[in-house]
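Trainee: I'm new to this one, could you walk me through it a bit at a time?
Mentor: Gladly, let us look at it together and settle the terms as we go.

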Amino acid sequence: MDLLNTLVDKGLRRELPTREEALAVLATSDDELLDVVAAAGKVRRQWFGRRVKLNYLVNLKSGLCPEDCSYCSQRLGSKAEILKYTWLKPDDASKAAAAGVAGGAKRVCLVASGRGPTDKDVDRVSETISAIKEQNEGVEVCACLGLLSDGQAGRLRAAGADAYNHNLNTSEATYGDICTTHDFSDRVSTVQQAQAAGMSACSGLIAGMGESDGDLVDVVYALRELDPDSVPVNFLIPFEGTPLAKEWNLTPQRALRILAMVRFVCPDIEVRLAGGREVHLRSMQPLALHLVNSIFLGDYLTSEGQAGQDDLAMIEDAGFEVEGTDTTTLPEHRRPGCDGAAAEAEAPAATVPAPSDETRRDLVSVRRRGAGTDLPPNA
């Protein structure tokens, strides 16, 4: 396909595709899917070889969030029967993190529900970061605590946080449809604060919330402009008890096309396969490794993931290798940052894909182990 040859050439040169080209990737047929994966795989291998970075989530505080994000099982008014607990003590959080590191994780992501941290919360997380780094040499720590207030990013960086995560989630035009308690610009501002403080920015999206192809392209282009070092791609986990419980819009083929589009738009950025991969990619997960260079190991915040050993076996069986702590994830030219400047071309709006007639609610498993429980974690 001329389209794919063009996209590979652009990806190898770190050149931004046109908006029309990005939309065309999402519009490819199932018959073309392996060609799309192979093309995006060339770009992935150019910048990241066959390495896969493992990341491990520790949910420091679960549930009871005052924000109303429709996709979230921890949201205000959620009836999802998830684990609910207040802040883990630093030692308990460090023990949970150690399980992920022992399983091969290079980065530990410390997450807490809520609009944003208080100054006391920042102190608490700073102690947790210190405890983790003292016990796990070479591990990266990423904090994900919500919207940041003035000075908090700098304090987290001084405490040893290597990165900060705050996802854009969806396009600016449709953000108000999924959340009313804060807006798109608040999220952008928090990512920029993290960057200004010297932390590596991590910001991504959630696919499968009923958005159009145009919305998906818009949020990925917004991310490219923001220039984070890593872009997590989440696929909606439709929790019972949340407003989006009936949104089963994804097939494994569509999920792969979305990942390919993200790779073409963000060729040399760490693209992370995040929440919902087991639910929506299912047996097609190994193909996704040809598109992404980073995954979460084991469980997520409030849902259980694939067994950690199965993750490791999948990586090995697919011919990839786990990235060690002695390897720098990003290509050398990106380590000090790049300009991210590019132009867009307009294209007609795409339609929302029809939801599947069949839902697989059996695939959504609420987390009942690990942080906040007496049971061992999945790592």
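Mentor: A word on pairing to begin with: two strands pair if DSSP finds at least two bridges between them, and helices (H or I, at least four residues) and strands (E, at least two) are DSSP runs, numbered from the N terminus. This is a predicted model, in which local features need pLDDT of at least 70 and side-chain atom pairs count only at pLDDT 80 or more, while totals for chains, interfaces and linings use all residues. Residues are numbered from 1 along each chain as its sequence is written, and side-chain values use heavy atoms, with hydrogens and water left out.

Trainee: OK, which strand does E6 pair with, and over how many bridges?
Mentor: Strand E6 (residues 205-207) runs parallel to E7, joined by three bridges, and Leu 205 has Val 233 of E7 as its bridge partner.

Trainee: Is E7 (residues 230-235) enclosed or open, and why?
Mentor: Six of its six residues are buried, so strand E7 is largely enclosed by the rest of the structure; buried means under 20% relative accessible area, exposed over 50%, and partly exposed in between, with a 1.4 Å probe and protein chains only. Ser 230, Pro 232 and Asn 234 point one way from E7, whereas Val 231, Val 233 and Phe 235 point the other way.

Trainee: Switching topic, which residues of helix H13 are buried?
Mentor: In H13 (residues 308-317) they are Gly 308, Asp 311, Met 314 and Ile 315. Seen down the axis of H13, they fall within an arc of 120°, so they line one face of the helix, the arc being that of the directions from the helix axis to the C-beta atoms. The face turned away from that buried side carries the exposed residues Gln 309, Glu 316 and Asp 317.

Trainee: Last one, where does the charged end of Arg 50 sit?
Mentor: It sits over the ring of Phe 320, 4.4 Å from the ring centre, where the rule asks for NZ of Lys or CZ of Arg within 6 Å of the ring centre and within 35 degrees of the ring normal.
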